[in-house]
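Please consult the sequence and the coordinates alongside the text.

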Amino acid sequence: ALAKHGFLIRMGGDEFALLFSSTDPEGLLTRGFETTLENLLPPKRNKDLRIGMSIGMVSVPPDVNATEEEVYKVADTALYDAKDRKETLGGQTNIVSRTLNPDTLRQITVA
């Protein structure tokens, strides 16, 4: 689903990082999840199996200078916010999205 838009990196266990460029990041993630589900199981088997994802996404506008560590911290926080929401939403897939800006970067530096 990423095609030439970016890279998929396994962080460990069942956590992955996607580094990509897109004008529609949530659409790209949704298409990727749908493609994964289509290819994961044969169509007539395990119909009752429910698979969900928690996604923490961070967007970095071109005019924002951020280190990899700063981007990672924001994405990790968004991921855990998504995991918390998953419990209240009944296990369905959800995306928590953040955009880096000067205020966000100041909060990271202070923390």
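Why does Asp76 count as partly exposed? The relative accessibility of Asp76 is 26%, so the residue falls in the partly exposed class, where buried means under 20% relative accessible area, exposed over 50%, and partly exposed in between (1.4 Å probe, protein chains only). Asp76 lies in helix H2, which spans residues 68–88. The C-alpha atom of Asp76 is 6.5 Å from that of Gly56, a residue 20 positions away along the chain.

This is a predicted model, in which local features need pLDDT of at least 70, side-chain atom pairs count only at pLDDT 80 or more, and totals for chains, interfaces and linings use all residues. Residues are numbered from 1 along each chain as its sequence is written, and side-chain values use heavy atoms, with hydrogens and water left out.

The chain contains 3 helices and 4 strands; helices (H or I, at least four residues) and strands (E, at least two) are DSSP runs, numbered from the N terminus. Their order from the N terminus is β-β-α-β-α-β-α.

Strands E1 (residues 6–12) and E2 (residues 15–20) run antiparallel and are joined by 6 bridges, pairing being assigned if DSSP finds at least two bridges between two strands. Phe7 has Leu19 in E2 as its bridge partner. The two strands form a hairpin with 2 residues between them, and Gly13 in the turn has a positive phi of about 55°.

Across the chain, 24% of the 111 residues are buried. Of the contacts (heavy atoms within 4.5 Å) with a separation of 6 or more, 55% are between residues 24 or more positions apart.
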